[in-house]
Amino acid sequence: MCFAKEDVDLKIRELLVEAYTRQHMDGAWSSYSPPPAIESDLKIRCQQCDQLFDLTVAEQEFYQRMEYYSTPHKCQGCNDRVLLRQR
Ligand SMILES: [Zn+2]
């Protein structure tokens, strides 16, 4: 492949503008490629009590934003029980 120097400069400028725009407009500066779209609630089986529980879209987005790439393994009830035991 052979690019004219002007084309390369233009392309670099486009990329810089795009990166700058992302950084300042939508706050998605930590990852260049957008995360996968979250479309529906997830059903997860609790590792403790073996019940299915929902991970809502909002919760999935929260975990994604916090960069917890693993999803939770326990339902809310079991998480609460763990918290109570710690007190
Ligand atoms: Zn549970």
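I began with I44, which counts as partly exposed because it has 16 C-beta neighbours inside 10 Å; the cut-offs are 20 or more other C-beta atoms within 10 Å for buried, 12 or fewer for exposed and anything in between for partly exposed, with C-beta atoms placed from the backbone. I kept in mind that this is a predicted model, in which local features need pLDDT of at least 70 and side-chain atom pairs count only at pLDDT 80 or more, while totals for chains, interfaces and linings use all residues. Residues are numbered from 1 along each chain as its sequence is written.

I placed I44 in strand β1, residues 42-45, where helices (H or I, at least four residues) and strands (E, at least two) are DSSP runs numbered from the N terminus. Leaving out residues up to four places away in sequence, I found that I44 touches F53, L55 and T71, a contact being two C-beta atoms, placed from the backbone, within 7 Å. For I44 and T71, which are 27 residues apart along the chain, I noted a C-alpha separation of 8.7 Å.

I then looked at the partner strand: β1 pairs with β2 (residues 52-55) in the antiparallel sense over four bridges, pairing being called if DSSP finds at least two bridges between the strands. Within this pair, K43 stands opposite D54 in β2.

The hairpin has six residues between its strands, and D50 is found in that loop between β1 and β2. I recorded a positive phi of about 65° for D50, although D50 is not a glycine. D50 is exposed because there are 8 other C-beta atoms within 10 Å.

Of the 87 residues, 1% count as buried, and residues 24 or more positions apart account for 34% of the contacts with a separation of 6 or more.

Last, I checked pLDDT, the predictor's confidence in each residue from 0 to 100: the chain mean is 77, and 74% of the residues reach 70 or more. Confidence is highest in β2, at 92, and lowest in helix α1 (residues 5-26), at a mean of 74. Where pLDDT is low, the predicted coordinates should not be read in detail.
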